[in-house]
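The stops below are meant to be selected in order.

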Amino acid sequence: MKIKATLLTSETPIIKIQIGDKYYPKSILKEENINIQNGNSEKIISRHLITEGLVLLDTQMYYSTPRTVMFEIDEESVVMNFIYSSNVETHIDQLESEKYSKKNTHNIFYTNNFKGFFTIPALTNINYMSIILSKEFYYNIINEDWQLHEKFSKKILNKQSTYLTSKYLPFTPAIQWVTSEIKNCSREGLLKRIYIESKIKELLIHQLEALTLKPLQTENINQEEYGKLLEAKEILENDYRNTPTLPELSRLISLNEFKLKKGFKACFGTTVKSYIIKLRMEHAKELFQSKTATVSEAAYKCGYKDVSHFSAAFKSYYGFSPQKFKINADSIQFWLISFSLLW
């Protein structure tokens, strides 16, 4: 499989990768990094994780003038796509794509010979993450006759390029969390391969769940309201220690409280309150895994004034107390270090 991304104004590819199509579970995951910066006019930062049958691209771009990138994959592949930026004009051969990208959305598609053109607007930070799987790799992590994606699988068997669902849908909190874990993975060697493949499987489950099991009821939400709901989500993410009340959040985004509550649930699959709890609990887990905080420090850093309230919330969310989680995290870390020394 050959993967190539080229600026139409240049003959030199930005990305040029060639891999085999077979699934080898013991093959090592290699990392490549591209960093091209030309003052304030051009920036291309791309991290690539590569092994047989799998390429993961995490790419950021910025240009002072509009630029068009041609992206090509020369063989059959399944692509798990995650878009973090709006207003990229898109044209893909053999696939009916939405004309412009929407921020924080995702989809899965199959193609037997991908060729797409992406026009990047000027003065806009663009970021996408694509997980490109050979057909053999894909069918090793999901059964080809699984009922959840039976229609999609039939299209693959007939070599018909297709999306799993007709529209890109907003990230769920679970998708946002797992993509963040992948982006921040610092493991090396065999552990890195095991970890990344496990996260891809986890991410695929969340995507299939979002795209096939629980379609979000967003038909009655117009683009302006959707933008305001994204703004609300970003406000919560930027400071989940001191989150505004629902009336305050409603005023901040200029959307009435009823539409905020109903629209947030429809777009992101969770309530505002539950999303705040999720953000706080996931941050607490990070603090414990990195050993940077005691239970009382974690409570404070996650926005709780009372340690007992934090402990109760943590136990309700994870099923055991933060003290027990810290002990388990320390034991797992010790095991991983010991295991890595054997290789």
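**Before selecting anything**

This is a predicted model, in which local features need pLDDT of at least 70 and side-chain atom pairs count only at pLDDT 80 or more, whereas totals for chains, interfaces and linings use all residues. Residues are numbered from 1 along each chain as its sequence is written, and side-chain values use heavy atoms, with hydrogens and water left out.

**Stop 1: the whole protein**

Display the entire chain as a cartoon. The protein has 11 helices and 13 strands; these are DSSP runs numbered from the N terminus, with helices (H or I) of at least four residues and strands (E) of at least two. The radius of gyration is 21 Å, close to the 20 Å that the globule rule gives for 343 residues, so the protein is as compact as a globular protein of that length. That radius is taken over C-alpha atoms, and the globule rule is 2.2 Å times the number of residues to the power 0.38. Along the principal axes, the C-alpha trace spans about 60 × 55 × 50 Å.

Next, colour by accessibility. Buried residues make up 48% of the 343 residues, where buried means under 20% relative accessible area, exposed over 50%, and partly exposed in between (1.4 Å probe, protein chains only). Among contacts (heavy atoms within 4.5 Å) between residues at least 6 apart in sequence, 69% join residues at least 24 apart.

**Stop 2**

Select residues 30–38 and 42–51. These are strands E3 and E4, which run antiparallel and are joined by 9 bridges; two strands pair if DSSP finds at least two bridges between them. Within this pair, Glu 32 stands opposite His 48. The hairpin has 3 residues between its strands, and Gly 39 there takes a positive phi near 60°.

Of its 10 residues, 9 are buried, so E5 is largely enclosed by the rest of the structure. E4 and E5 are antiparallel, with 10 bridges between them, and Ile 45 stands opposite Gln 60. In their hairpin, which has 2 residues between the strands, Gly 53 takes a positive phi near 80°.

**Stop 3: Phe 71**

Select Phe 71, in strand E6 (residues 67–73). Is this side chain's residue buried or exposed? At 9% relative accessibility, Phe 71 counts as buried. Leaving aside neighbours within four places in sequence, its contacts include Ile 3, Leu 57, Phe 114, Phe 118, Tyr 128 and Ile 132. For a distance check, pick Pro 121: it is 50 residues from Phe 71 in sequence and 17 Å away in space, C-alpha to C-alpha.

**Stop 4**

Select residues 173–183, helix H3, which is mostly covered: 8 of its 11 residues are buried. Among them are Ala 174, Ile 175, Trp 177 and Val 178.

Then select His 206, which lies in helix H4 (residues 189–213). His 206 is buried, with a relative accessible area of 17%. Which residues does His 206 touch, not counting residues up to four places away in sequence? They are Ala 174, Ile 175 and Val 178, each of which is also listed among the buried residues of H3.
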